Amino acid sequence: MRGSTVYDLIIRDATIVSSVGRQVVDVAIAKGKIAYVGPRPPRGAREEIQAIGKFLMPGVVDTAVQFDPNGDTSIWERESRAAVTGGVTTVLSLPGGCSPVLDYDSARRRADHAGTRSWCNFGLWGAANSGNAPEIARATQEGLIVATLANFDRSGDEGRNGGIGISPSELQDFLAGSSTIGVQLDVAEEATEESDAILQAARDHQGTIHLVHLSTAAELNLIDPVRGDLPVTAGVTPHHLFLSTDDIDNPINTNPPVRAEQDRRTLWTAVKRGRLDCVASDHHPSASMADDGVPGSELLFPLMLSAVKYGRLSLELLVSLCSESPARIFGLANKGRIAKGADADLVLFSEGEITRVQSAGLMSGAGWSPYVDREAAPKPDLVIVNGIITARMGELVATEPSGRLVSRG
């Protein structure tokens, strides 16, 4: 061992995967950051891991979770623990719940709720509402929220969204105050007032308009003509990729709903052709299939890795969908990459193995999953959060949470 011991951890001979390719190198970590990437670190470390034949990628960024439905910090602790065992190192908290994130003060309270209880890093969505654009801008400027979610008021949705929502014309009010605005399309066949407002906002906005949870072929057809010309990105959930109304016996309640098989196949084609940018779980710790939402953050990465096994996407595209693009869309400059100076959020895994999801192995407090008995890859060999080995082979090994609030830029 050459020189003095200055690194906390060295991962040797791992195959780093990025969207542009693969390389076998050593990665050294010090003080929660990646300190060296190359053929041989000049000094030793307190701990070394031999990773020949294994893949190393940036930690998964799950951009849509509900870990704080009622302000109970034990729920956040439990759900973040489950997520990190599946490879998720950063989550973005949806703004709903009994105390929605509508202004600076409510964002501060939610950040404090997570505080030292989160096993993964976390960022916050703010919710657009009539008249709160100045407060959302303030929370963004102060680094408390990373994006604004604009739900459109729809007939019958008031109970579902907790009264949060804006009209299509109000979307323009939020363009100056948020770098990333998330909106959800609901297009069955043709353009609507909402979709017209979204496209106009994209023409006027200097930041990103992110279409969350695309679920139909019609929605894809609407945005395809403007991709590359306007700052529009699009995401999809695992339940819209892996489930359809044709193959589930008991319907699950999601927003948007699980679609027909033809839409599901169209979404997979879009993923493979690069027409979708990221995958987010839309995780809700719902107690049963009859409740609103699906638990899924801890299975996000295993499900997508199983798709690599069956040729639906490459490892390089998986890294883009799960790590690189989410970090870029939401301005998380130190996430989603393995490079000197980046945060040491990493996932070490093997490729090619497939197992079946067992309810006994799930850690979410929901206690159920629509993916039980379905095929998925095993949970990662190793999950590192801020330089700390947090999970091994699906089991929590860290002694305390190390997640932190993340900000843009």
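Tutor: First, helices (H or I, at least four residues) and strands (E, at least two) are DSSP runs, numbered from the N terminus. By that numbering, Pro-256 sits in the loop between helix H7 (238–242) and helix H8 (261–272). Keep in mind that this is a predicted model: local features need pLDDT of at least 70, side-chain atom pairs count only at pLDDT 80 or more, and totals for chains, interfaces and linings use all residues. Residues are numbered from 1 along each chain as its sequence is written, and side-chain values use heavy atoms, with hydrogens and water left out.

Student: What kind of peptide bond joins Asn-255 and Pro-256?

Tutor: A cis one, with omega at about 5°.

Student: And what is the phi of Lys-31?

Tutor: Near 55°, a positive value in a residue other than glycine. Lys-31 is in the loop between strand S2 (21–30) and strand S3 (33–38).

Student: Why are H9 and H10 called roughly antiparallel?

Tutor: Helix H9 (residues 300–309) and helix H10 (residues 315–329) pack at about 155°, their axes 9 Å apart. Axes are lines fitted to C-alpha atoms over the stretch in contact, with angles from 0 to 180 degrees between N-to-C directions. Angles over 145 count as roughly antiparallel, so H9 and H10 are roughly antiparallel to each other.

Student: Which residues make the contact?

Tutor: Contact means heavy atoms within 4.5 Å. H9 brings Phe-301, Met-304, Leu-305 and Val-308, and H10 brings Leu-315, Leu-318, Leu-321 and Cys-322. By class that is 8 nonpolar, no polar and no charged residues; Ala, Val, Leu, Ile, Met, Phe, Trp, Tyr, Cys and Pro count as nonpolar, Asp, Glu, Lys and Arg as charged, and the others, Gly among them, as polar.

Student: What makes something a cavity?

Tutor: On a 1 Å grid over the protein atoms alone, a cavity is a set of points where a 1.4 Å probe fits but cannot get out; lining residues have an atom within 4 Å of a point. By this rule there are 4 cavities of 30 Å³ or more.

Key. On a 1 Å grid over the protein atoms alone, a cavity is a set of points where a 1.4 Å probe fits but cannot get out, and a pocket is an open set with protein on both sides within 12 Å along at least five of seven lines; lining residues have an atom within 4 Å of a point. Grid points are joined across faces, edges and corners, and a volume is the space filled by probe spheres set on the points. Angles under 35 degrees count as roughly parallel, over 145 as roughly antiparallel, 65 to 115 as roughly perpendicular and the rest as oblique.
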